[in-house]
Structures are given as C-alpha cells and as structure tokens.
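Here's a quick tour for anyone meeting this structure for the first time. Have a look at the model, then read on.

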There are 2 protein chains.
Amino acid sequence: MKTMHKEHTLTKNQQIIFDLIDKSPEPMKAYSILFSVQKKGIKAPLQVYRALDKLVEIGKIHKIESRNAFIACHNSSCQVSKATAFSICEICEKITEISSASLSKYLANFKDKDGMKYSKYNLEFFGLCKKCR
Amino acid sequence: MKTMHKEHTLTKNQQIIFDLIDKSPEPMKAYSILFSVQKKGIKAPLQVYRALDKLVEIGKIHKIESRNAFIACHNSSCQVSKATAFSICEICEKITEISSASLSKYLANFKDKDGMKYSKYNLEFFGLCKKCR
DNA sequence: ATTTAAATTGTTATAATATAACACCATGTA
DNA sequence: TACATGGTGTTATATTATAACAATTTAAAT
C-alpha cells in the first residue's frame, strides 16, 4: 500500500475542544474552554492546553496572539497554520480571519534586507468594524 | 507662541524602564524587567506594567505579542506605535524590527473584502536567522 | 499664586494565562 | 512480544497581568 497522506484523526479531547471552538461565534479563551468542557470530563488546564497546542499545530485552529484566544480555521487552504491574518475590531472585539490571495502572496514572498525568507507569519489588523464605525 | 509638537517627557519610572529595554540586546519580559529595576525602587509588577503600557502607547517600545516581550523601537519614523513588523528566529529567538517601506506601504493601504481599512497592525514573521540556518 | 484636572505613583491582593513533572494508557509496528 | 510514540490524568507551580484604593505629582488654567 502506498504511503497515504495521514489525516489527523482527532483524539477525544481534541475533538471535544475543537467542536466547541468551531461552534463558537467568537474566539475562545483557554479557561473559558476549560469551564465549558468540565461536564465532559476535561478537568485540568493542561488537558485543554495540550489539545489547543495540537490543534494549532495541525492548523485546525489559530491563536489570536494579542488576545490570547483561539478561533477555528475557516480558511480551507490552511491545512497547516503557517500564514495567518486577522482583523480585529477594537470596540466590539469582533475577529475575522482574512483570506486574501494577494495579501498572502505578498507576505509569503516577502524578504527582508538580509534576504531572509520566512516560513511562517501572523498578522493582526486593528480597526473599527462596520457596525462600530 | 505656536503650538508645539508635544514631546513625551518620560517620568522617572518610564525612563528607568525604557533605558533598560533600550540597552537590552534582546526583548525583555515584564518580570525580568521587574527584577532588574528593583534596586532602583520599582518593587511591584504594576509599576512595571504601567510604564510598559505608556511606553507602548507613545511608541517608544513595542510588544512582541507571540513572546510577551518588549523591545525598544528602532524605527525613527514610528512616533506612535501603529504599524509594526518583526522577524523572529525560531531557534535562537533573535528578534528584529523590520522597516521596509514597501511592506508598510502595502499594509497601510490594505483593505479587506468589506472595504475595511485599518488603523493599526502587527506582523510577526517566523523563520531561521542567518546563523541558525 | 491658587486651584483644578489629569496623570502617575505606591501598595496589597488577586486574577488570568500557561507549564513542569510524573505515572499511566493506547496504538501502531518491528 | 517488545518497543516507540503520542495521548491522558493529576497535582503542583510558574508566569503574565489587572483590580482597587489612597496619596502625590504635574500641567494648565484661572
């Protein structure tokens, strides 16, 4: 049998936590996740953080660094989370993943003065959303 | 007398903490700053965080969100910290502020699908620096 | 000069975010 | 079988950051 692309089958904890984040209309914080999944037997912060780490690693979720919060990836192209961009409303805190081909192309090809090319980036834009403007 | 551009004169705590960060060859974390300035009479986390907040606000330092660390601004043009880009080596953790006119121009003019324009952004690139490659 | 408003300070306590260390278990595979 | 890898559950602890409040300093506006 040929080597197949290994789909990441989520483990129980990973699935529970992914489902929760995926259904959430807004990014979720680790301890709010912990609170929500305690009824399902996940009792300790580490159980949450381990699942989050793995989910981030395989690109199912992203971390919004400026908010310490996690959001499901809705950008079908990012199997691995290495090129992320978000828009953040500074009033209502609405956060959206940006998928712009031109933006990602520009950043993927960006080289600094030393000719350094990057394997990964995270971009967070801040402003006011339509509603809040 | 004409209205002058208000220079932000740093207060004592702000100056102590800015000097420390400015001299540091690498980004500093809040509690490491706290430890370093205790001999100068700054004893509590809040004193450090308050100075950091102000220094970030006026653009004298930047926060590296993915590292929870602070670096002095070496980009003379950013009086106010609203457009930041960094390169981060994932091995040695060397962090450099990127100043690329074309990058900042591109990002400053970026509009998303809804035509939303942003007042601020933070971009962090990850990769391997020359040494570590 | 005196008053006022705004910003900064010092302080104690506590909240929020994240990891260390260790024993055990499940699964795949040599 | 045995071995490697990754996941789990658990307790404890480390790290990062803010709340609340009273006092003081500063800037500017009378």
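How do the residues of the surface near DNA strand C divide into nonpolar, polar and charged? They come out as ten nonpolar, six polar and five charged. Here Ala, Val, Leu, Ile, Met, Phe, Trp, Tyr, Cys and Pro count as nonpolar, Asp, Glu, Lys and Arg as charged, and the others, Gly among them, as polar.

A word on ground rules: this is a predicted model, where local features need pLDDT of at least 70, side-chain atom pairs count only at pLDDT 80 or more, and totals for chains, interfaces and linings use all residues. Residues are numbered from 1 along each chain as its sequence is written, while chains are lettered from A and ligands numbered from 1 in the order in which they are written.

For DNA strand C, α3(B) gives the most, six residues. For DNA strand D, the largest share, six residues, comes from α3(A). Helices here are DSSP runs (H or I, at least four residues), numbered from the N terminus.

Within chain A, α2 (residues 30-37) and α3 (residues 45-57) have axes that come within 9 Å and cross at roughly 115°. That makes α2(A) and α3(A) roughly perpendicular, a label for angles from 65 to 115 degrees.

Key:
Axes are lines fitted to C-alpha atoms, for helices over the stretch in contact, and angles run from 0 to 180 degrees between N-to-C directions. Helices (H or I, at least four residues) and strands (E, at least two) are DSSP runs, numbered from the N terminus. Angles under 35 degrees count as roughly parallel, over 145 as roughly antiparallel, 65 to 115 as roughly perpendicular and the rest as oblique.
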